[in-house]
Amino acid sequence: MKEKDEISVNVQSEWVTIPITKQDNQLTIEEYLKEKWHLPKKTLHLFRMNKSIKINGETLSWNYVLQEGDKANLHLYSPEEHTIKPYPLQLEILYEDPHVLIINKPQGLDTHPSSPEDTKTLLNAAAYYFSKQGLYTKPRHVHRLDRDTSGAILFTKHSIASSVFDQLLAQRKIKRSYVALAHGLFARKQGTISEPIGKDRHHSTRRRVSKSGQAAVTHFQVLTQNKSKNETLVSLMLESGRTHQIRVHLSFIGHPLIGDTLYGGRKQSGQQQALHAFKLAFWHPFTDEHICITAKTNQTPLIPYNQYF
């Protein structure tokens, strides 16, 4: 497991060298790009035209059969044109390497713009951070968090990483854990909510449990309960990533988030919903390391939970 508090990464070269492993042995270069990195056809075409892969420093036929111990040189950091306007914002960086950036998103900030005029989002702030680091690729968020949900969110630094991490998310290989403060006392200490989620036809932004909705699974575990306040601190892990999933599922079982007025919760001291994405874990496809990142909460109104993790 790898945890880092503060890392600064400057991309000194547009090329990255990745060793050919036992799992890659006997693949052709084309199979390696398709099967290991899941590159779409358009990207494969560009790689071929621009000679963006070399083996041991040489440009070879894509029929070349790779051997364990070879070095694949990938051209990953070509400057990209994009319309993301940089937004100068002090970011809390939880983890960074040449391929990914994990940020502790503050509450009250959108993950990405909802219109061309919306330029004060985490995506815009990531674009500013990239430019300050001398990295002129387009930041891409692998998943998103609601405006009023704080915590760890993963961005990629180049298009290959984006393709690979999108696949990992679809395969449920990126584990996301949350902590929330909910109304009421839970009858069970742990359990699973498996209810499909769809749009609410009576409300443009709200979601609801619906038989015709998309499959959604949320696991929960009670951390502590406050009987005098009738509140429960609960940790949650997602197997899917539907819009408002935790908020909808907890409301469905009668325990809406504190502060989540859209789904039946009540505000306390003017605070927003009490939901924080406190952990991200995955096996890093580029470095072959297990990454486990914890994001401390400093803005979301939660009972201190560090003793539980």
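Biologist: Which residue lies over the face of Trp62?
Modeller: To read this feature, look for a charged end placed over a ring. In this predicted model, Arg48 lies over the face of Trp62, 4.1 Å from the ring centre. Lys54 gives another case: its charged end sits over the ring of Trp15, at 5.1 Å from the centre.

Biologist: How many aromatic pairs are there in the whole structure?
Modeller: A search finds 4. One of them joins Tyr32 and Trp37, with ring centres 6.1 Å apart. Planes over 60 degrees apart count as edge-to-face; these two stand at 90 degrees, so the pair is edge-to-face.

Biologist: Are Tyr32 and Trp37 buried or exposed?
Modeller: Both Tyr32 and Trp37 are buried. Ring pairs also link Tyr32 and Trp37 with Phe286 in a cluster.

Biologist: Now for a lysine. Where is Lys157 placed?
Modeller: Find the loop that runs between strand S7 (150-156) and helix H4 (159-170); Lys157 is there.

Biologist: Why does Lys157 count as buried?
Modeller: Buried means under 20% relative accessible area. Lys157 counts as buried because its relative accessibility is 1%.

Biologist: Which side chain makes a polar contact with the side chain of Lys157?
Modeller: For a polar contact, look for a pair of N or O atoms within 3.5 Å. Here the side chain of Glu96 contacts that of Lys157 at 2.6 Å.

Definitions and conventions: Residues are numbered from 1 along each chain as its sequence is written. This is a predicted model: local features need pLDDT of at least 70, side-chain atom pairs count only at pLDDT 80 or more; totals for chains, interfaces and linings use all residues. Side-chain values use heavy atoms; hydrogens and water are left out. Rings of Phe, Tyr and Trp (its six-membered ring) pair if their centres lie within 6.5 Å; planes under 30 degrees apart count as stacked, over 60 as edge-to-face and the rest as tilted. Buried means under 20% relative accessible area, exposed over 50%, partly exposed in between (1.4 Å probe, protein chains only). A charge sits over a ring if NZ of Lys or CZ of Arg is within 6 Å of the ring centre and within 35 degrees of the ring normal. Helices (H or I, at least four residues) and strands (E, at least two) are DSSP runs, numbered from the N terminus. A polar contact is a pair of N or O atoms within 3.5 Å; within protein, one must be able to donate a hydrogen and the other to accept it, and residues adjacent in sequence count only if both atoms are side-chain atoms.
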